[in-house]
Amino acid sequence: MIEAEWWDYDDRAELAQAVAGDVGFIIESAVDARGAALIALPGGATPGPIYDVLAKAKLPWKRVTIIPGDDRLVAVDSPMSNVAALAKTFIPLGARVLPIATVNKDHRQAGDAANARLADLPWPPDLVWLGMGEDGHTASIFPGPDLEAALDAPKGRRAVGVLPEPMPKDAPVPRVTLTRGAILSARAITVVLTGSAKRKLLEKAIEDGAKSTLPIGRVLAGAEQPIDIHWCAK
Ligand SMILES: O=C1O[C@H](COP(=O)(O)O)[C@@H](O)[C@H](O)[C@H]1O
């Protein structure tokens, strides 16, 4: 059974303060315990204002490595690039922001390259923060020909390439993503989402667990650690 704790907020400002506080605490604890922190952060529209709050926190940024939990196979100057948004906010603070995606017509080859890049990092991540799309995808684990590869990758495989089917309307491009195994290896997992439609979808996915038809349900069903879910209505 998925052990999930919901944290509800009145608005996005309150949500941002709380999530930024939690992430800051995870970073400080990791640096205290191991001298460094590794965190995987989502892309999309939801996290931007939370990153702005987090960036104002006094944290040991020079000891923090940030990777996107997934990225789109686009040039780094594209507005669709997840790593570009992270780099813009966190590199000026001294954090190390590492891309995982390369522009490549062959998404599976891009996945192999992402996996090789991640192999160099001290694992596991201290945090994997997940978002969720309105279609129930998380990170870039989408229905399509690569779904099983992302969900059931061999142990130790950290990233794969994904061709979503159908393509999401807001960023209709191939992706690379952390695998379910890589996500579940994290010391902490948090999900951040807004809106009633997404809440309903996630509640159903959690209820269905391993039988869920949604990627997020299939991912979270394997979690052994408790999951924090942060939500506000709008
Ligand atoms: O494509 C993506 O979408 C999800 C959800 O994004 P949102 O805009 O609905 O918040 C995101 O978590 C993922 O990292 C991103 O690549």
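Predicted model: local features only at pLDDT ≥ 70, side-chain atom pairs only at ≥ 80, totals over all residues.
Student: Which residue is joined to Pro124 by a cis peptide bond?
Tutor: Pro124 sits in the loop between α4 and β6. The peptide bond in question has an omega of about 5°, and the residue that this cis bond joins to Pro124 is Trp123.

Student: In what order do the strands of the open sheet that contains β7 and β8 lie?
Tutor: Three strands form this open sheet, and their pairing is antiparallel. The edge strands, each of which pairs on one side only, are β4 (70–72) and β7 (159–162), and the twist from one strand to the next averages 15°.

Student: Which residue of β8 is the bridge partner of Arg72?
Tutor: Strand β8 covers residues 175–178 and pairs with β4 in the antiparallel sense over 3 bridges. Within this pairing, the bridge partner of Arg72 in β8 is Arg175.

Student: At what angle to β7 does helix α4 run?
Tutor: Helix α4, made of residues 107–119, lies across both β7 and β8.

Student: Which elements do the buried residues of α3 pack against?
Tutor: Helix α3 spans residues 82–90, and its buried residues are Asn82, Val83, Ala84, Ala85, Leu86 and Phe90. An α-helix has 3.6 residues a turn, so residues three or four places apart point the same way. The elements against which the buried residues of α3 pack are β2 (37–41), α2 (48–55), β3 (64–68), β4 and β5 (96–97).

Student: Which residues of β6 point the opposite way from Leu127 and Trp129?
Tutor: In a regular strand the side chains alternate between the two faces of the sheet. In β6, which comprises residues 127–130, Leu127 and Trp129 point one way, and these residues as well as those pointing the other way are buried. The residues that point the other way are Val128 and Leu130.

Student: Which residue of β6 is the bridge partner of Ile39?
Tutor: Strands β2 and β6 run parallel and are joined by 2 bridges. Strands of a sheet pair through backbone hydrogen bonds, either parallel or antiparallel. For Ile39, the bridge partner in β6 is Leu127.

Student: Which residue of β10 is the bridge partner of Thr190?
Tutor: Strand β9 (residues 189–194) runs parallel to β6 and is joined to β6 by 3 bridges; here Trp129 has Thr190 as its bridge partner, while Leu130 stands opposite Val191. Strand β9 is also joined by 6 bridges to β10 (residues 227–232), again in a parallel run. In β10, the bridge partner of Thr190 is Asp228.

Student: How many of the residues of β9 are buried?
Tutor: Strand β9 is joined to β6 by 3 bridges and to β10 by 6 bridges. This strand is mostly covered, and of its 6 residues the number buried is 5.

Student: Is Ala139 buried or exposed?
Tutor: Ala139 is found in the loop between β6 and α5 (147–151), and although Ala139 is not a glycine, its phi is positive, at about 45°. A residue counts as buried if 20 or more other C-beta atoms lie within 10 Å of its own. Because Ala139 has 33 other C-beta atoms within 10 Å, Ala139 is buried.

Student: Is Glu3 buried or exposed, and which residues is Glu3 in contact with beyond its neighbours within four places in sequence?
Tutor: Glu3 lies in the segment before β1 (4–9), and since Glu3 has 11 other C-beta atoms within 10 Å, Glu3 is exposed. The C-alpha atoms of Glu3 and Leu220 are separated by 9.1 Å, although these residues are 217 residues apart along the chain. Leaving aside the neighbours within four places in sequence, the residues in contact with Glu3 are Pro226 and Ile227.

Student: Which of the 14 residues around the ligand come nearest?
Tutor: The shell around the ligand divides into 6 nonpolar, 7 polar and 1 charged residues. Those that come nearest to the ligand are Pro42, Gly44, Ala45, Thr46 and Gly131.

Note on methods:
Residues numbered from 1 in each chain as written. Near = placed C-beta within 6 Å. Nonpolar A, V, L, I, M, F, W, Y, C, P; charged D, E, K, R; others polar. Pairing = 2+ DSSP bridges. Helix = DSSP H or I, 4+ residues; strand = E, 2+ residues; numbered from the N terminus. Axes fitted to C-alpha atoms, helices over the stretch in contact; angles between N-to-C directions. Contact = placed C-beta atoms within 7 Å. Buried ≥ 20, exposed ≤ 12 C-beta atoms within 10 Å, placed from the backbone.
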